[in-house]
Amino acid sequence: MERRGEGDGDPGMTLAVKGPGFVHERVHLAAAAKVTDWETLLTSACVELERKVEPKSKRQEQEQDTCDCDFRFRLERARGTVLKPESRSHTKHCTMPNASTKPKHGRRIRRRHREDPARNELVSSSLESAQQCLFNQDYGTAFVHYLLALNLAPVFKDFARDSFRFTLFKWAEELDSLGRIQDLFSCYEQALELFPDDEVILNSMGEHLFRMGFRDEAAGHFHKALKMRPDYPEARENFYRVANWLVERWHFLMLNDRGRNQKYQQAICRAVQSGCSTVLDIGTGTGILGMCAKKAGAAQVYACELSKTMYELACEVVSANGLGGKIDILHMKSLEMEVPRDIPQRVSLVVTETVDAGLFGEGIIESLIHAWHNLLLPRQCDDLGSSEPSATGRVIPAGATVFAMAVHCPEIRRHHRLCVSSVGGLSLAACGDLRSPVSCSSAPDDSMEPYTTERLSRLPGGYTALTQPFTALNIDFNNVQELEGLSSRPVQKVWLPVNQEGELDALAVWFQLHLDQDNSLSTGPEEDTCWEQAVYPVHATKDFALQVGDELLVEVSCRDAYLRLCSVAVLRNGHEIRLDKPAQDLMESGVNQNPEAQLCSALASLQTDHNKDICVLESAELALLNNEEYHRSFQTAVTKLFSQLNLANQNQKQDSSELLYVLDVSEGFSSYSSVEKNKQQEVLKRLARSNNIPEESLEFWLNGTEDDQGVLQRPSTEKLWSAIMLDCVETCGLIRQKLMEKASLARCLLEKGGRIFPERIIVHGLLVESDMLLLESAVQGQEPTLGFNIAPFINQFTVPVHVFLDFSTLQCKHLSETVELFVLDLMDTNANYTTRQVKVKATSTGRVTAIPFWYDIYLYEDISVSTLSRHSHWKQAAVVLQEPLEVNAGDWVCLTVNLHKSTISISAQPDSQPQPMD
Ligand code: 44T
């Protein structure tokens, strides 16, 4: 079984390896099965525990021995053979908590002894055996002993808690490495039955769940751990990293959008007052629309919500607003609802805002078709215009109009197609078509999305509209035939006059939501709204510029309940130029003027099967490839290091052609499926071949994910690594988790004079006043939410660090100069990074609400790249202060910057001490 995600444990420590692997299978079974009848177990367990341990099966040993590291490749600079990595065995030294067997609660135990000596005898012998097994590192058996003892004598729980946790974690580690995931979770469940509120167990189970890809469940566990102990840093950090999955950030924006809330309220009020007395709120979120309906006088209000966290939140909010028991909230997807099982009768009004930036992405079409057939009263017929609203059904919003336009936008371009022909001196010509996973032209599969979303007005570098907006679609949510006919509508072809010259980078899409006859919401790029727009990137046209007078042919269709837009052709001077064909067609048609693009086209034409040659990379990875500045710096840094290493070899009279080994442990080229992974490996090989790098000098370890064993491998028996590449900053703007642990491990693997890339990271930041960041991180009181009390509930999910920020376009006022917040020295073994105080002088008067931060990444000596640079593939992050801090120009602010593991936290206080410099 491959492990997924980050490796657990401290990679700085080596793993415990037991002697020859002995596993007590029967005990495993007991530990893995859910045992509730402890009395029954007693007898069998006693027998089992006396039995001899059985040797591990061959398969298990093989499973454990499989090296599943994710280290991408080793690059051998000079020609020569690559020696196969040798695995090294390693031992771990672990300390055991609570090794004493002496019980703490003597008196009570003695009394119990008197009550039931046989039972107590068993308890104490089980506890003793558990500890003995712990010493022998037989964690499975130890775990069963503990379960037995603590279930029989809960009085020992406090006493044994630490040892029990330790046993559980070690046993879970073993089960994990054996791929016995089901058993692992069973053990955690049993542990939580014994210790339901144990924050350490909850947090640890959350980490396992997260690594297995159960993100919602993981987030739930971190949240509970944090509720149990709000000052538990591990759970806090884990929770902050996943809170977005529990409560997506747009909930804050939507709830803070007073205009939107009021419009919905008005439409609902009007409908209820006109006679719609039974209401269903589909996708209620925090319950706000349902509460509006109740407040407007609806007799019955039902609400459904598919997310567990949001459902629980809605229940809390509704009760806190005095409507508990008056709104029937169901934790289910509307599509699963039935009358009368879930609601007693059909309703006269459905309210919903289950729409995303692309309108249909939350499944509104399917939900409404189902609602019309199963949950709503029949629609009011035009010829029966007088029928009672309480006897007919309707939907808010009543319908929507979708708009689209073609845009020129370098920021979108560099994230969705390859814009460079070489990277760090390597020609990419033979790489085929590298593209982002956002495309509506290719066959739909899980890894492809038809659109992405952006707030166009906030894109760095802005955008230019190349055409007027056009109406791509009109839909009536009150007409079930129309809803049902949507996917079979013929493809609509629209010819758009181009009125502005520029490269065709994307089609941007937004919509107007017609709540009722009088009220509508627009999600357009020019509006002052929290909404993002849907972006359909154009892939096929390498450096293809539209000219004024051209006509662009766009096809609009509705497939798999998604709206799809595709630019297919351009009409220029009476000639039709296809855009959905490979690049050479453009060249042949004489449209491509750019020589670089012509070269690409020529190369593309050498390839026969174009579809085969598409390699999908994440959009941040494409942006990284397009970041020429980064690659230049990297190349300079590597060249400099290598020439110094070669010089050192010469000085020591060693062979200057001595091999230099590079280990890349960066996580770039992370993939969606193993198919993609193989494809990417293929592309890298092709890249090497076409650039005269011998194939043998590249070695990939792509088959699994991270494992400590992989890190410990040497390039060859007599060599260590010359350089180790670490990917230290995530695209979202945070330091990569476990970076410092990885760095300390990497340091041990370097040859003399070898370096880690980067060697140092300097964190920069400044004080800003930004209302926008506040609106995006927490609901600001009751005023925006129509007087309903929602903020304190949803704000439990506020995260102090805002990620994926475009600092260059953030609406904010700078209140200080940029300061150095922290220095992370990856080459320094003794550096202690915990807390640092930084004094910052306010340069303007205002309210400090946030501290955006970014990094200067020092690759080697003075060669650095900044994560703030214009062409960076990184976004920035910002700490949003819990309480804004008022400052006057000239005031000093003291920032306490804390780095725990790889999480930065910052607090700000006024600094009363006058500065010597001042
Ligand atoms: N995003 C807006 C989407 N649901 C808005 O679980 C606008 C994004 C956005 N429940 C930036 C800004 C904005 N049955 O809690 C969710 C979801 C739930 C359902 C029951 C169903 N069939 C569904 C479908 C969805 O409804 C809630 C709202 S959905 C999306 C709303 C501020 N980025």
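These legends describe several close-up views of a predicted model.

**View 1. The whole chain, for orientation.** The protein has 918 residues, and 54% of them are buried. Its secondary structure comprises 27 helices and 40 strands. Consider the contacts in the protein with a separation of 6 or more: 77% of them come from residues 24 or more positions apart.

**View 2. Helix H5 packs against helix H6.** Two packed helices are described by the angle between their axes and the distance between the axes. H5 spans residues 117-135 and H6 spans residues 139-152. Their axes lie 8 Å apart, at an angle of about 155 degrees. Angles over 145 degrees count as roughly antiparallel, so H5 is roughly antiparallel to H6. The crossing of the two helices is left-handed. On the H5 side, the contact residues are Arg-119, Leu-122, Val-123, Ser-126, Leu-127, Ser-129, Ala-130, Gln-131, Cys-133 and Leu-134. On the H6 side, they are Tyr-139, Thr-141, Ala-142, His-145, Tyr-146, Leu-148, Ala-149 and Leu-152. Sorted by class, this contact has 12 nonpolar, 5 polar and 1 charged residues. An α-helix has 3.6 residues a turn, so residues three or four places apart point the same way.

**View 3. Helix H9 crosses helix H11.** H9 covers residues 199-211, and H11 covers residues 233-246. The two axes come within 10 Å and cross at roughly 40 degrees. H9 and H11 are therefore oblique to each other. The crossing is left-handed. Asn-203, Glu-207 and Phe-210 contribute from H9. Glu-234, Ala-235, Asn-238, Val-242 and Trp-245 contribute from H11. The contact of H9 with H11 has 4 nonpolar, 2 polar and 2 charged residues.

**View 4. Helix H14 and the glycine that follows.** H14 runs over residues 288-295. Of its 8 residues, 7 are buried, so the helix is largely enclosed by the rest of the structure. The buried residues are Ile-288, Leu-289, Gly-290, Met-291, Cys-292, Ala-293 and Lys-294. Note that Lys-294 is on this buried list. After H14 comes Gly-297, which has a positive phi near 110 degrees.

View 5. Most residues other than glycine have a negative phi, and most peptide bonds are trans. The bond from Val-339 to Pro-340 is cis, with omega near 5 degrees. Pro-340 sits in the loop that links strand E6 (327-330) to strand E7 (349-352). The bond from Ile-396 to Pro-397 is also cis, again with omega near 5 degrees. Pro-397 falls in the loop between strand E8 (394-396) and strand E9 (399-408).

View 6. The disulfide count comes to 0. Cys-431 is in no disulfide. The nearest cysteine sulfur to that of Cys-431 belongs to Cys-615 and is 8.2 Å away. A disulfide would need the sulfur atoms within 2.5 Å. Cys-431 counts as buried, at 2% relative accessibility. Cys-419 is partly exposed, with a relative accessible area of 32%.

**View 7. Ser-722 and its surroundings.** Ser-722 belongs to strand E28, residues 721-725. The residue is buried, with a relative accessible area of 0%. Leaving aside residues up to four places away in sequence, Ser-722 touches Leu-641, Leu-645, Leu-660, Tyr-661, Leu-750, Glu-751, Gly-754 and Arg-755.

View 8. Phe-804 has phi near 55 degrees, a positive value in a residue other than glycine. Phe-804 lies in strand E32, residues 801-805. At 53% relative accessibility, the Phe-804 side of this view counts as exposed. Lys-901 is not a glycine either, and has a positive phi of about 55 degrees. Lys-901 is located in the loop between strand E39 (892-900) and strand E40 (903-910). The lysine is partly exposed, with a relative accessible area of 45%.

Conventions
Residues are numbered from 1 along each chain as its sequence is written. This is a predicted model: local features need pLDDT of at least 70, side-chain atom pairs count only at pLDDT 80 or more; totals for chains, interfaces and linings use all residues. Side-chain values use heavy atoms; hydrogens and water are left out. Axes are lines fitted to C-alpha atoms, for helices over the stretch in contact, and angles run from 0 to 180 degrees between N-to-C directions. Helices (H or I, at least four residues) and strands (E, at least two) are DSSP runs, numbered from the N terminus. Angles under 35 degrees count as roughly parallel, over 145 as roughly antiparallel, 65 to 115 as roughly perpendicular and the rest as oblique. A crossing is left-handed if the near helix is turned anticlockwise from the far one by less than a right angle, and right-handed if clockwise. Contact means heavy atoms within 4.5 Å. Ala, Val, Leu, Ile, Met, Phe, Trp, Tyr, Cys and Pro count as nonpolar, Asp, Glu, Lys and Arg as charged, and the others, Gly among them, as polar. Buried means under 20% relative accessible area, exposed over 50%, partly exposed in between (1.4 Å probe, protein chains only).
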